[in-house]
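Hi everyone, thanks for making time.

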Amino acid sequence: MSTSDVDPARLVRHGRDGRRAGAVQREVVPAADFRSYYGRPVIKAPVWEWKVPAYLFTGGLAAGSAVLAAGADLSGRPALRRAGWLGSLAALLASVVFLVTDLGRPERFHHMLRVAKPTSPMSVGTWILTAFGPGVGLAAIAELLPRRLRPTVLGRLLRRSARPAGLASAVFAPGVASYTAVLLSHTAVPAWHGAREQLPFVFSGSAAAASGGLMMALTPVEEAGPARWFAASGAVGELAASKVLEERLHPVVREAYTTGRAHRLRRCSEGLTVAGLAGTVLGARRSRAVSVGSGLALVVAGALQRFGVFEAGIASTKDPRYVVVPQRERLVQRSHG
Amino acid sequence: MIRENSLYGPLDDVAADAGHLEHPPRVGFFTDTSVCIGCKACEVACKEWNLVPDDGFDLLGMSYDNSGMLGANTWRHVAFVEQDIPLGGQRTGIAELPTGPSGTPVMTEVVAARLRHAERGGSELGTNPLEVHEPPQDLGMPSFSRPGDDGADGHGAEGRTDFRWLMESDVCKHCTHAGCLDVCPTGALFRTEFGTVVVQQDICNGCGYCVSGCPYGVIDRSPLDGRAHKCTLCYDRLHDGLEPACAKACPTDSIQFGELDELRERANRRVATLHDRGVTEARLYGEDPDDGVGGTGAFFLLLDEPEVYGLPPDPVVPTRDAPAMWRAAGIAAAAFLTAAVGSFLGSRR
Ligand code: SF4
Ligand code: SF4
């Protein structure tokens with residue numbers, strides 16, 4: 001006798017909450033038909049805490065601000081340039097703090113630098129950040145240099161190297177903005193791995209929107225033109241990629257995004273992105289207040305997007321359904337095909 | 001440079017792929033659950049030999065399971081599943097006896113409530129005990145009524161069921177394509193000359209990436225020392241020509257250690273024997289080099305679907321999709337840069 005001959009009703013099938021067991025609570029949604037080990041998760045929930053999505057956000061902010069600063073440098077917009085490099089450095093420093101303190105052994109953070117491993121997005125990211133960071137630092141310090149130090153040898157050297165260093169950083173910035181998507185997707189976490197084709201576009205779009213927004217908030221409207229364009233195009237890209245992401249997901253895995261805290265965070269993010277986009281396009285050119293308001297809305301939206309995607313991933317590990325149902329379906333399809 | 005099937009697919013010589021030019025043959029475990037008696041000698045032997053910290057001693061409400069899952073502090077985990085179906089080919093005569101139902105539905109109910117409130121949904125089992133605030137509950141035992149007892153105690157003829165008790169000693173799979181190893185950014189996780197996967201404790205900085213890279217939920221970060229831990233397949237013992245502690249301690253040879261090729265042959269013979277004897281539900285899990293992780297170094301003979309034991313039915317190493325993911329990220333990065341350049345061109349004054 002094989003298990004397939006057994007009356008399926010006699011096998012214990014249950015959702016995470018033991019719906020099949022009845023009595024405890026009545027569910028409106030019928031329990032998904034899958035089996036598990038007492039409803040226990042199949043894979044480990046990530047050990048990462050809030051600092052990781054915070055890093056995903058600040059990393060994107062640093063990247064976008066650097067690109068805008070470099071462009072401002074080349075196109076002669078000193079206020080945007082200054083805000084860009086300073087914003088980028090601040091976000092970068094925050095990123096590093098988040099990354100290092102999330103380690104189980106922070107004092108060993110430099111062990112990341114002992115190898116370069118193309119199969120590990122965290123290793124790739126470490127090296128991208130290593131290439132990106134120093135130039136941003138140099139460019140930002142040059143912005144901060146007090147007037148009386150500028151004529152000194154060191155001051156002149158700094159100011160002269162700031163531009164090439166900053167431009168070189170800007171070359172790596174797009175990588176900083178998009179690699180974080182691979183960082184999440186290169187895992188067994190169903191909601192992250194399942195979104196692997198769209199997540200880079202969501203994150204890059206969100207990075208552009210948030211950094212454009214930050215520069216809109218920090219720069220006078222006359223100089224913030226590129227920031228508005230960047231923010232608007234990023235917001236449009238993010239909104240579109242976000243929709244496609246949900247549509248393409250396996251219907252069960254999609255629920256990780258469309259229910260619970262992940263859903264609430266991402267809906268708030270979407271609302272703020274739409275509002276920020278509208279403000280950017282309609283009024284930010286004329287009014288500093290509108291510019292600051294819509295810029296900050298986009299910044300907050302960017303943070304909520306990362307936390308939302310992060311939460312969706314966590315939720316998809318805590319319930320064995322997200323792991324078992326799609327995998328079981330694959331097996332069934334393969335045995336039929 | 002990426003050699004053929006370095007990332008995904010069958011790989012004949014996994015140690016050579018990792019750079020061991022001269023190396024012993026690949027070794028692994030064949031865990032035959034059909035003879036497991038659930039004695040947990042493997043769990044104990046592993047803890048003793050490897051000095052693995054305790055992970056709580058309570059029963060969890062999952063039959064006789066009291067470790068719950070593999071984790072930083074559980075490198076062998078014995079799963080227990082009570083089912084009201086007969087073991088294939090077995091004539092227990094139970095169907096003719098007045099017996100009670102297995103405890104499973106009621107257990108699931110109790111366990112589910114606890115998992116719902118657990119910080120990591122219960123996946124912290126094997127690393128930390130669950131925080132349980134309720135007093136212990138009596139879930140009953142798999143039991144018979146005496147012949148002649150009537151239906152008054154609910155164990156009459158109408159409640160008769162068959163019963164089988166599945167036990168499985170789970171362990172790190174030592175995958176051909178190991179998700180944990182691929183994502184480790186420090187090189188702490190490495191492929192040994194025996195083809196196994198081991199964490200170097202002096203290198204690991206506790207980034208936690210491996211925890212999410214493993215498609216089997218095996219490796220975890222310990223809150224005790226902030227580093228990742230899992231089965232080493234007793235790397236130290238292998239060097240001295242000894243078999244791993246769990247295999248040594250297993251009284252029924254449910255855990256068999258040996259050269260992987262030989263174990264695979266042995267396992268196929270065992271399945272054929274069981275099928276001949278009417279146990280048609282016997283199947284191998286992880287022995288197929290064409291599966292999503294290129295076959296595992298530690299594989300199993302199971303008597304039900306993998307998910308019943310808490311194993312993923314069709315695991316895939318995330319690295320399979322690395323090229324596609326980087327391509328998508330590259331296009332997104334190009335779009336990001338294009339948008340930036342366009343923004344400056346579009347707002348020329
Ligand atoms: S991926 Fe998981 S099962 Fe495979 S070797 Fe790593 S820890 Fe073990
Ligand atoms: S936690 Fe340790 S073993 Fe795991 S990926 Fe990070 S450095 Fe490697």
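Before anything else, one term: a salt bridge here is a side-chain nitrogen of Lys or Arg within 4 Å of a carboxyl oxygen of Asp or Glu. And please keep in mind that what you see is a predicted model.

With that term in hand, here is a pair to find on your screens. A:Arg334 makes a salt bridge with B:Asp314, and their closest N and O atoms are 2.5 Å apart. Where do the two partners, B:Asp314 and A:Arg334, lie? B:Asp314 sits in the loop between strand E10 (298–302) and helix H9 (322–346) of chain B, while A:Arg334 is in helix H11 of chain A, so this pair joins two chains. On the chain B side, B:Asp314 has a relative accessible area of 5%, and because the limit for buried is under 20%, B:Asp314 counts as buried.

Okay, let's step back to the whole interface. How many residues of chain A are in contact with chain B? It's 91 residues of chain A, and they meet 109 residues of chain B. The size of an interface is often given as the accessible area lost when the parts come together. For chain A and chain B, that buried area is about 7,900 Å², with carbon and sulfur atoms giving 59% of it.

Which helices of chain A each give at least two residues to the side that touches chain B? They are H1 (51–75), H3 (121–144), H4 (153–185), H6 (199–218), H7 (225–248) and H11 (320–336). H4(A) gives the largest share, with eight residues. By type, the side of chain A that touches chain B has 45 nonpolar, 26 polar and 20 charged residues.

B:Ser347 touches A:Arg77, A:Gly225, A:Pro226 and A:Trp229, leaving aside residues up to four places away in sequence. Is B:Ser347 buried or exposed? Buried, because its relative accessible area is 11%.

Next, salt bridges in general. Over all chains, the whole structure has 26 of them. One is between A:Arg321 and A:Glu255, with the closest N and O atoms 3.1 Å apart. This pair links distant parts of the chain, with A:Arg321 in helix H11 of chain A and A:Glu255 in helix H8 (residues 251–258) of chain A, 66 residues apart. A:Arg321 counts as buried because its relative accessibility is 12%, whereas A:Glu255, at 30%, counts as partly exposed.

Over in chain B, the side chains of B:Lys47 and B:Asp55 meet in a salt bridge at 3.7 Å, N to O. B:Lys47 is partly exposed at 24% relative accessibility, while B:Asp55 is buried at 9%. Elsewhere, salt bridges that share partners tie A:Lys243, A:Glu246, A:Arg266, A:Arg267 and A:Glu270 into one network.

Let's stay with chain B for a moment. Chain B has nine helices and 10 strands, and 60% of its 349 residues count as buried. Of the contacts in chain B with a separation of 6 or more, 69% are between residues 24 or more positions apart. For one buried example, look at B:Leu115 in helix H3 (residues 104–117) of chain B: it is buried because its relative accessibility is 0%. B:Leu115 and B:Leu130 are 15 residues apart in sequence, and their C-alpha atoms are 8.0 Å apart in space.

Last stop, the ligands. Ligand 1 has 13 residues around it, and B:Cys172, B:Lys173, B:Cys175, B:Cys180 and B:Cys214 come nearest. That shell divides into nine nonpolar, two polar and two charged residues. Ligand 2 has 13 residues around it, with B:Cys184, B:Thr186, B:Cys204, B:Cys207 and B:Cys210 nearest. What is the make-up of the shell around ligand 2? Nine nonpolar, four polar and no charged residues.

Conventions: Residues numbered from 1 in each chain as written. Chains lettered and ligands numbered in written order. Predicted model: local features only at pLDDT ≥ 70, side-chain atom pairs only at ≥ 80, totals over all residues. Heavy atoms only, no water. Contact = heavy atoms within 4.5 Å. Buried area = accessible area lost by both parts, 1.4 Å probe. Helix = DSSP H or I, 4+ residues; strand = E, 2+ residues; numbered from the N terminus. Nonpolar A, V, L, I, M, F, W, Y, C, P; charged D, E, K, R; others polar. Buried < 20%, exposed > 50% of the residue type's maximum accessible area, 1.4 Å probe, protein only. Near = heavy atom within 4 Å.
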